[in-house]
Amino acid sequence: MDTPFRSPLALMLRYGLLSILAFMVVCPLAWLALASLRPQAEIFQPVSEFGWHTFIPSRLTLDNYRALWNGDFPLAVKNSVFVAFMTVVFGIVVNALAGFAFAAFDFRGKNLLFLLVIISFMMPFEAIVLPLYVMIRAFGWANSYQALIVPEIANGMVIFLFRQFFASIPRDFYEAARVDGASWLYIFTRIAMPLSWPTIATSGLMLFLAQWDSFFWPVVAASAPDYAVVQVAIARNINFEQNDWGGLFASTNIAILLGTIPFLLIQRFYVRTLISGGIK
Amino acid sequence: MISSRWTPYLFLAPALAGLLIFRLIPIVVAAGGSLTGVSLMGDMRFVGLENFEYLMTDPEFWSSLNITLLFNVIINPLQLAVAFGLALLVFRPLRGVWLYRTLLVLPMAVSTGISAVLFGLFLDGNLGPLNGFLEWIGIGAQPFHRSADQALYTLIGIATWKGAGYWMLFLLAGLYSIPSTVHEAAAIDGASAWQRFRHVTLPLMRKPMAFVLVADTAINFLFFAPVYILTSGGPSGSTSVLMFQAYRAAFTFSDIGRSLAVSTILLAIILVIVVLEFRLLRSPEERA
Amino acid sequence: MSTMTIDNLRKSFGATEILRGIDLDVADGEFVALVGPSGCGKSTLLRLIAGLEEASSGSISIDGRDVTRLPPKGRDVAMVFQNYALYPHLTVRANMGFSLKLRGDDKATIDSKVTDAAAVLGLDALLERYPGQLSGGQRQRVATGRAIVRDPKLFLFDEPLSNLDAKLRAQMRTEIKALHQRLKNTMIYVTHDQIEAMTLADRIVVMQAGRIEQQGAPLDLYDRPANAFVGGFLGSPAMNFVKGILGSGLFLAEDGTQLPVPDGFDAEQGRSVLWGVRPEAIGPVDQGFSGVVEVVEPTGPDTQLLVRVAGQPLVVLMHKRMRVSPGDQMTLGVQGADIHLFDAADGRRLHL
């Protein structure tokens with residue numbers, strides 16, 4: 001839509017506001033990225049010496065990152081990547097299966113079960129962290145990968161997204177395959193899933209972000225160093241009385257990049273799916 | 001469609017088992033566990049409403065409830081207003097608007113815990129640039145999360161930095177769902193830009209705004225990571241939200257029963273919010 | 001009194017030119033239909049008149065006042081949209097009264113005007129409903145009612161009936177015609193349905209690729225299309241065309257078949273032309289050209305035939321029942337006055 005009769009002043013105001021807001025969002029991230037490349041000696045910034053060198057290091061160095069290599073941070077990164085990857089893979093399969101069932105079949109109890117899905121996505125996961133911890137402990141899962149992965153796999157929002165997508169494919173499509181003699185599993189894996197890659201991308205990102213954003217659960221369920229994910233490992237180090245500030249800057253920056261890079265790659269699908277009303 | 005009776009259930013089984021075990025049963029566990037206590041010998045016993053009675057007489061619980069409510073009364077309208085403002089700014093086509101939109105939603109991908117660490121550094125007097133900047137423009141350095149007066153508002157600021165872009169997307173979806181011809185009809189009917197916003201956009205955005213407000217509230221009642229990382233509930237209890245109380249009861253005082261009692265109260269609040277959400281999501285015609 | 005004058009109006013979106021110089025005068029009380037294939041610019045032209053898009057160059061005047069750079073608010077036009085664009089959160093009453101409320105009319109005035117318009121359109125019983133509770137035809141009426149209550153200088157219609165089923169469309173067409181005869185307002189009506197344009201309009205403006213191809217009274221355009229495009233666009237089933245060259249007092253199709261030319265027509269021999277004739281103008285005669293029947297489609301009152309003549313399928317429409325079968329030989333003829341000849345290169349009509 002063209003916007004007719006627009007005054008140049010309004011246009012400038014809009015650009016100005018957007019630029020200020022975008023700056024507020026990006027400034028802390030950019031500052032940290034640059035600060036992580038500073039030599040250790042330059043990390044402290046007396047309040048009285050504000051100027052361009054507050055943001056721009058005098059010389060760029062990867063020392064802070066090299067130092068991280070020998071600590072327990074690489075393990076935390078490995079844990080995070082593993083946990084996120086498993087959650088995304090299992091999450092896509094399990095939730096897509098359920099979404100397909102809600103879209104393609106009529107069965108007894110469908111509405112009731114779907115209500116369960118809706119309720120589960122309206123209720124944030126954090127609400128049940130402590131009782132869930134009691135259960136996980138009883139399973140003997142405390143401090144384990146499965147404690148981090150398994151509870152995050154079934155996701156009401158992702159089931160909902162897949163259902164919306166599969167319901168948008170005409171049923172004729174599935175029925176034609178049935179008439180041709182295909183099994184339901186074959187229809188799901190060979191017809192429904194290959195059509196749904198934008199939904200798969202969006203769901204994958206959604207599962208990733210849910211896992212990536214969780215903090216209370218990993219702190220409670222898997223705080224042992226062997227299983228600590230990135231955000232837990234970093235939070236444990238931030239007592240503001242340590243010596244290795246450069247290491248904290250570098251590890252925090254890595255943690256930010258680990259989240260934002262996949263996000264930037266996939267956000268176009270994600271935003272489009274959300275905006276096109278996939279959520280309502 | 002004809003299918004074997006069991007096929008749909010086989011497709012559903014893994015996901016529904018997950019939702020049942022990891023989303024619904026914990027609610028029951030919370031309610032049941034809140035009625036238990038741990039004896040000195042370390043075994044669980046049934047104590048009835050003792051945990052709740054304790055909380056009712058605990059000034060720390062009441063102050064925590066107050067803080068949680070204050071936090072929510074401020075943050076939810078604030079985030080809604082900011083998100084709506086952002087959505088309006090990026091809604092209409094503009095050269096380069098996709099870049100702004102991408103930047104504004106970027107904090108979504110910064111883990112909540114990490115964003116707390118980031119701001120811990122950014123706002124720090126010795127490590128971060130902000131206090132230097134404030135000094136430079138003459139406002140003077142601020143203690144932020146290190147002072148009882150500013151800690152809660154600092155956390156609200158961090159959470160808004162992190163969350164506004166996410167909620168913006170839902171409001172943007174709402175704006176896109178208003179047919180452009182309705183705006184055009186209003187323009188032809190003689191409405192000025194402000195009148196179009198007031199009489200067309202705003203009433204038609206009621207539903208998405210209500211959704212965002214309620215969903216955001218549900219999440220903010222469970223606000224935890226920045227408290228844990230930056231303030232540990234302090235200074236002087238000024239940021240000790242209910243979620244932090246529940247954590248401390250379980251892991252500092254090893255009193256799972258009391259912790260689950262706090263969880264149960266939070267769950268009850270969330271369930272009320274979910275019911276509200278269902279109510280609000282019905283369209284105006286359904287109510288007419 | 002409301003007239004409209006458009007002078008050399010142009011509109012581009014980026015490098016794409018949608019309107020390439022439109023000149024149009026509309027008289028007071030006239031009903032003008034803009035027709036053309038999709039993408040011809042007719043809707044863009046209407047949106048420019050409404051002020052929903054800004055012109056790249058040229059001018060639009062309403063009642064002698066230049067409105068080219070005015071937003072819709074300053075133009076006093078009303079528009080009925082294809083998807084009706086009713087305010088979903090307002091009742092029918094509030095939808096119809098919205099513009100009056102914005103204008104600052106008092107409540108009594110609004111009420112009486114809305115009630116009057118509702119009576120005209122038979123909406124009395126629906127005033128307290130929401131748009132979501134109405135059928136397509138009812139919504140269409142509310143959209144029309146919203147335009148009527150304003151008593152605007154110009155009524156604009158953007159394909160207002162295209163979302164209705166065939167039966168309802170015919171009914172609403174009649175209602176709009178009756179409405180125009182009663183209100184006598186100036187109306188501009190965009191449609192891709194040439195039947196709508198023929199039945200409703202005092203004048204039809206045929207557009208293609210951002211230009212006006214021809215304008216005039218409906219039957220004038222039907223009988224004397226200025227070019228092959230207008231001839232082919234107006235009329236259903238469409239005009240038949242045969243390619244060939246002019247001979248001496250006759251037309252030679254590409255396969256050598258001889259076909260008649262208009263009475264007294266004499267132009268340079270050997271010129272490449274299109275020979276056009278409307279389906280209802282061809283019929284069986286004793287002496288004429290021959291063809292082979294390929295398809296017979298009886299519709300009740302009419303019979304439509306597909307007859308292969310000069311190696312090309314021609315549609316023949318007979319207003320009676322016929323006993324013919326595929327494969328039958330037929331001898332066909334056409335009156336000289338019903339034959340249209342167009343230049344093969346630029347499509348221009350070659351005779352009066």
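# Questions on a predicted model

Student: Among contacts in chain C between residues at least 6 apart in sequence, what percentage join residues at least 24 apart?
Tutor: This is a predicted model, and the values discussed here are computed from it. When the contacts in chain C are limited to residues at least 6 apart in sequence, the share that joins residues at least 24 apart is 64%.

Student: How many helices and how many strands are there in chain C?
Tutor: The C-alpha trace of chain C spans about 75 × 45 × 35 Å along its principal axes, and of its 352 residues 40% count as buried. Both kinds of element occur in chain C, with the count standing at 8 helices and 19 strands.

Student: In the open sheet of 4 strands in chain C, which strands stand at the edges?
Tutor: The order of this open sheet is β2-β1-β4-β5 in chain C, and the pairing is antiparallel. A strand at the edge has a single partner strand, so one of its sides is left without a neighbour in the sheet, and this applies to β2 (16–26) and β5 (65–66) of chain C.

Student: Which residue of β2(C) does L9(C) stand opposite?
Tutor: Strand β1 of chain C, which covers residues 4–13, pairs with β2(C) in the antiparallel sense over 8 bridges. Within β2(C), the residue that stands opposite L9(C) is I22(C).

Student: What angle does the direction of helix α1 of chain C make with that of β2(C)?
Tutor: Helix α1 of chain C, residues 42–50, packs on the sheet and touches β1, β2 and β4 (57–62) of chain C. Compared with the direction of β2(C), the direction of this helix makes an angle of about 65 degrees.

Student: Which residue of β19(C) is the bridge partner of V273(C)?
Tutor: β14(C) pairs in the antiparallel sense with β11(C) over 6 bridges, and in that direction I245(C) stands opposite S272(C) of β14(C). β14(C) also pairs in the antiparallel sense with strand β19 of chain C, residues 339–343, over 5 bridges. In β19(C), the bridge partner of V273(C) is D343(C).

Student: Where in chain C is D76(C) found?
Tutor: D76(C) is not a glycine, yet it has a positive phi of about 55 degrees. With 19 C-beta neighbours inside 10 Å, D76(C) counts as partly exposed. Its place in chain C is the loop between β5 and β6 (77–80).

Student: What is the omega of the peptide bond from S236(C) to P237(C)?
Tutor: P237(C) lies in the loop between α8 (228–233) and β11 (240–246) of chain C. The peptide bond that leads from S236(C) to P237(C) is cis, with omega near -5 degrees.

Student: What is the radius of gyration of chain A?
Tutor: Chain A has 13 helices and 0 strands. For its 280 residues the globule rule gives 19 Å, and chain A is well over that, so it is more spread out than a compact globule, with a radius of gyration of 24 Å.

Student: How many residues does helix α7 of chain B give to the largest nonpolar core?
Tutor: Of the 243 residues in this core, M168(B), L171(B), L266(B) and L156(C) touch the most other members. Helix α7 of chain B, residues 151–177, gives the most to the core, and its contribution is 15 residues.

Student: On the side of chain B that touches chain A, how many residues are charged?
Tutor: In this pairing, 79 residues of chain B are in contact with 78 residues of chain A. The largest share of the side belonging to chain B, 16 residues, comes from helix α1 (residues 7–33) of chain B. That side divides into 58 nonpolar and 17 polar residues, while the number of charged residues is 4.

Methods. Residues numbered from 1 in each chain as written. Chains lettered and ligands numbered in written order. Predicted model: local features only at pLDDT ≥ 70, side-chain atom pairs only at ≥ 80, totals over all residues. Core = buried A, V, L, I, M, F, W, Y, C linked by C-beta atoms within 7 Å. Buried ≥ 20, exposed ≤ 12 C-beta atoms within 10 Å, placed from the backbone. Helix = DSSP H or I, 4+ residues; strand = E, 2+ residues; numbered from the N terminus. Contact = placed C-beta atoms within 7 Å. Nonpolar A, V, L, I, M, F, W, Y, C, P; charged D, E, K, R; others polar. Rg over C-alpha atoms; globule rule 2.2 N^0.38 Å. Pairing = 2+ DSSP bridges. Axes fitted to C-alpha atoms, helices over the stretch in contact; angles between N-to-C directions.
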